[in-house]
Amino acid sequence: MPVHAPAAAAAPMQTVWDEALLRRYDTSGPRYTSYPTALSFHDQFNQSDFTQALVRSNASQRPLSLYVHIPFCRKICFYCACNKIATKNTALAEPYLSRLDREMVLTSRHLDTTRPVEQLHWGGGTPTFLNLNQMGDLIDRLDARLGLSSSPGRDYAIEIDPREADVFTLRHLQSLGFNRISLGVQDLNPLVQKAINRIQPRVLTETLMDEAHRLGFRSLNLDLIYGLPFQTEKSFADTLRQVIELNPARLSVFNYAHLPERFAPQRRINADDLPGGEEKLAILHTTIDMLTAADYVHIGMDHFARPDDSLAVAQREGSLQRNFQGYSSHAQCDLIGLGVSAISRIDDVYAQNPSDLASYEAALDQGKLATVRGLRLSHDDLIRRDVIEHLMCDMRIDLAELSQRWNIDAPRYFEAALEHLQSAEQDGLLIRSGDQLSATPMGRLLIRHLAMAFDAHLPQQPGQSYSKIV
């Protein structure tokens, strides 16, 4: 992926709040953690296609990013849309860890493992479902098979459920090489917590954050969700006040997508208890105002960061990247996904493992990688991925740079997309000055809509269920 040109400083969010405009543009659309999105993956793409991509990628000598999916949770949160398995028995993780090791071995046969692993992310599920010995075992296997880094610049992160971790967990994680943690909070209001089956007093989060700061973890992220049952503008503002006091380096404030037909746990949520569209917009407006006043930079979509955090720095320097975990400060890495449902982005392909544990295990037990679907990108896909990623990360596009980088006439190549964006420009979401297209503060909230204009796969996906943009 080409390195972005340095982005202009993030535009301040103090602007006229146009609720009618947001409502008009609040359609459903992709989050563009990849382009093309996973809906374009197909099952004709197989293990052989993936291994060939691994071999091709060695010539680039790009650094590596590893994602490890731990699907286990002790208790199901009703809002959850993740791939997970509910159990309290940590012994069930042992055969899974063995399969992960087998996947690492099979992957490493095609990979130059001298390439540095600059980024590591454990997600889930709940990675802290593993006991301390299992965490150490998994790190040892990753290091033995793929080679981990001790570089101060590495970005080794893990998602933590504060209900299942303590100061000893954090000390152990630090000894294993993790330097960034993400804590799931969602909301600090007891009524909301009860409705989503996630009772989590503030003291649990605060104790972990204090210890993480003391231990010198480089960056702490808190996850919040708006649109949950019984939330109001006033109640969420109270949660935000408490969160700002905790002073995390990063915040993710996600819009809850209620899709009970797709995600069984959400059927435990009463739709009548959810805030209406007007209340959700008020919550969003208050969120942006409060975080901006507290000196957080609105990176894009639902991500905020302190000005000195690596995400904000990467955006200013033009090196911000978007991947399946959201925004990343480590551009130009090849991403290897390990575990059930994990997705890899290697060279010019995406490859995904099966979402059910039985199929994942069966493939590895037969001595082959578990790839069940994916996509090799066309030249047009690569160009459009570049455009969409610049727009999602930098909030701007330079058509002259695109023309030079891809040896095309970008204004002509994207004539249809630019014509489609004229209404957004007239509505004040976009400013075009010559070859420069820049999202306005309101446009940053609707950046997914602006990116959709460049998506050539979207017209072939009628009726697909994407989340609402706002």
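Modeller: Phe72, Tyr96, Phe129 and Tyr360 form one aromatic cluster in this predicted model. A search of the whole structure finds 8 aromatic pairs.

Biologist: What makes Trp122 and Phe178 an edge-to-face pair?

Modeller: Their ring centres are 4.9 Å apart, and the cut-off for a pair is 6.5 Å.

Biologist: Why is the pair of Tyr413 and Phe414 called edge-to-face?

Modeller: The angle between the planes is 70° and the centres are 5.0 Å apart. With limits of over 60 degrees and within 6.5 Å, the pair is therefore edge-to-face.

Biologist: Why is Tyr413 called partly exposed, and why is Phe414 called buried?

Modeller: Tyr413 has 31% relative accessibility. Buried means under 20% and exposed over 50%, so Tyr413 falls in between and is partly exposed. Phe414 has a relative accessible area of 1%, which is under 20%, so Phe414 is buried.

Biologist: How do you know that the charged end of Arg306 sits over the ring of Tyr296?

Modeller: The distance to the ring centre is 4.1 Å, and the limit is within 6 Å, together with a position within 35 degrees of the ring normal. Arg154 likewise lies over the face of Tyr156, at 5.6 Å from the ring centre.

Technical notes. Residues are numbered from 1 along each chain as its sequence is written. This is a predicted model: local features need pLDDT of at least 70, side-chain atom pairs count only at pLDDT 80 or more; totals for chains, interfaces and linings use all residues. Side-chain values use heavy atoms; hydrogens and water are left out. Rings of Phe, Tyr and Trp (its six-membered ring) pair if their centres lie within 6.5 Å; planes under 30 degrees apart count as stacked, over 60 as edge-to-face and the rest as tilted. Buried means under 20% relative accessible area, exposed over 50%, partly exposed in between (1.4 Å probe, protein chains only).
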